[in-house]
Amino acid sequence: MKITYHFAVDLGATSGRTILASFDGEKVDMQELSRFKNPMLPINGHLYWNLPGLYHEILLGLKKCKETLSTPSPEAGLSTIGIDTWGCDVAFFHAGGSIAGLPHCYRDSHTEGAADKFCEKMSREKTYSLTGIQFMDFNTLFQLDTMARNNADVIRKADKILFIPDAIAYMLTGNAITEYTVASTSQLLNPNTGDLDNELLAAIGLTRDKFGKMTYPGEVIGTLSKDVRDFTGLGEVPVIAVAGHDTASAVIAVPTPDKDYAYLSCGTWSLLGVESDKPVITEKSMLYNFTNEGGIDGTTRLLKNICGLWLFERCREEFKNAPKDVAELSALYNTSQCDSIINPDDPSFACPDVMTRAINSYCARTCQKIPETPADYIRVIFRSLAKRYNEVLGMLRELTPGAINRLHVIGGGSRNKYLMQLTADETGIPVVAGPSECTALGNVLVQLKACGRLHGLDEMREIAANSTETITYLPNNQ
């Protein structure tokens, strides 16, 4: 069977990468072409993303893709391109296509208390009934409302407001779209109508025409523009609307044929949930602050955002005398006896100046032992995350009638054997860890569907299982 080649852009909130994938009809092989940092830029008291810098890195990745494909065979061509990123944040563009300033980072403090301020004009109950989205101050709805209240020039003058994957696709093709899965993270999309909600837009002084056409995973956005073709040496390669939200892409690649499981996308954020045939928008789901985000083939991802390995990543930067290697650092867990527990979702951990100090303050005010060594902090973080996963799993069982007999952990955190075993012990169910590269794999699987090489979610997951390896952690009491 003919081998086809596909290019995946996978941007996270701390780093990004470009990947060249090949598909032989049975499995996907992925080769990392480039990896680059994606730091938050502090400018005059605010945090921004370097969108032009990310775009340049993607162009370099595409250029390397062309060189890589030309080396073994000049006839080898690139079939498609797909882009996934984090959710909620947006970029602004003038009518001519130029960028209207740098996008705000969702961790910027300008949205502190933004949900409460918006709900002064529309109640929480009404807002949740329209969207089914978890209330978080950085949701797009509240970011845009904050900018409107602050009379930001950019929101008034922008011709187009695009989510980050859509912004990059616009820069590559010149076509402006709004991809469904990433739009569903915004608290602007009404899952019952399948489009941005006009009542919510009106509440923040915007109209639907500021955004691109609603587009679903598997649709073609456009082809590479002449400028991009000239820079990279590639031809008119189609850019596909994959599941633009990285978690949506990751869930597509869960390697299982059945449905009696929950998933945990474990990275900077931990997102724990199940796939549902329809949104779950009830008093209890609002009480538990669960979110309904778009998935592939009409599915809904019922989930809860949990502050994940962000805690570990920040502490790791602050440790002075500790191993730099992540595996070696994680292994310090075994050398501590500190039993303090924190709530990872406490607001004090959202973006503190010093994470270790924030953990110390939390432990002090809850009358617990204050960590003293890197090993102590690691033990506190891992045990607290596992405990929080079990709490959220209990809420999920109350919200959904389906059985949850195991937990599939996907993303980089699935490689952390200490956290995985703790999670199995805490939840009392098997934890199937992997694949760690599920986001990029899900991105590629949707590209393959767009090419007609795969048909439906079941076949996509069969290919995911063929293309990856997993490790199962059993609870120690079993």
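The buried residues of helix α12 pack against β18 (300–307), α13 (326–331), α14 (355–365) and α15. Here, buried means under 20% relative accessible area, exposed means over 50%, and partly exposed lies in between (1.4 Å probe, protein chains only). Contact means heavy atoms within 4.5 Å. Helices (H or I, at least four residues) and strands (E, at least two) are DSSP runs, numbered from the N terminus.

A word on the source: this is a predicted model, in which local features need pLDDT of at least 70 and side-chain atom pairs count only at pLDDT 80 or more, while totals for chains, interfaces and linings use all residues. Residues are numbered from 1 along each chain as its sequence is written, and side-chain values use heavy atoms, with hydrogens and water left out.

## Helix packing

Let us stay with α12 for a moment. This helix spans residues 310–318, and its buried members are Trp310, Leu311, Phe312, Arg314 and Cys315. The axes of α12 and α14 come within 8 Å and cross at roughly 115°; axes are lines fitted to C-alpha atoms, for helices over the stretch in contact, and angles run from 0 to 180 degrees between N-to-C directions. From α12, Trp310, Leu311, Arg314, Cys315 and Glu318 take part, and they meet Met355, Thr356 and Ile359 of α14. That contact divides into five nonpolar, one polar and two charged residues. In this count Ala, Val, Leu, Ile, Met, Phe, Trp, Tyr, Cys and Pro are nonpolar, Asp, Glu, Lys and Arg are charged, and the others, Gly among them, are polar.

How do α15 and α16 pack? Helix α15 (residues 374–399) and helix α16 (residues 417–427) have axes 9 Å apart, at an angle of about 40°. The two helices are therefore oblique to each other; angles under 35 degrees count as roughly parallel, over 145 as roughly antiparallel, 65 to 115 as roughly perpendicular and the rest as oblique. On the α15 side the contact is made by Phe382, Arg383, Leu385, Ala386, Lys387, Tyr389, Asn390 and Leu393, and on the α16 side by Tyr418, Leu419, Leu422, Thr423, Glu426 and Thr427. By class, this contact of α15 with α16 has eight nonpolar, three polar and three charged residues.

## The six-stranded sheet

Now to the strands. An open sheet of six strands runs in the order β3-β2-β1-β6-β14-β13, with mixed pairing. At its edges stand β3 (28–37) and β13 (219–223), each with a single partner strand, so one side of each is left without a neighbour in the sheet. From one strand to the next, the twist averages 25°.

| Strands | Sense | Bridges |
|---|---|---|
| β1 and β6 | parallel | six bridges |
| β1 and β2 | antiparallel | eight bridges |
| β2 and β3 | antiparallel | nine bridges |

Histidine 6 stands opposite threonine 80 in β6, and tyrosine 5 stands opposite serine 22 in β2. Serine 22 in turn has aspartate 29 as its bridge partner in β3. β1 and β2 form a hairpin with three residues between them. The hairpin of β2 and β3 has four residues between the strands, and there glycine 25 takes a positive phi near 100°. Strand β2 (residues 15–23) is mostly covered, with eight of its nine residues buried. Helix α6 (residues 164–173) lies across β1, β6, β13 and β14 (238–241), running at about 40° to β13.

## Backbone details and a buried threonine

Most residues other than glycine have a negative phi, and most peptide bonds are trans. Asparagine 44, in the loop between β4 (41–43) and β5 (46–48), is not a glycine, yet has a positive phi of about 50°. Its relative accessibility of 76% makes asparagine 44 exposed. Aspartate 297, in the loop between β17 (291–294) and β18, also has a positive phi, near 55°. Aspartate 297 is partly exposed, with a relative accessible area of 45%.

The peptide bond from glycine 434 to proline 435 is cis, with omega near 5°. Proline 435 sits in the loop between β20 (431–433) and α17 (438–450).

Is threonine 127 buried or exposed? This residue of helix α3 (residues 124–131) has 0% relative accessibility and counts as buried. Leaving aside neighbours within four places in sequence, threonine 127 is in contact with Phe118, Met122, Phe135, Leu141, Gln187 and Leu200.

How values were computed: Pairing = 2+ DSSP bridges.
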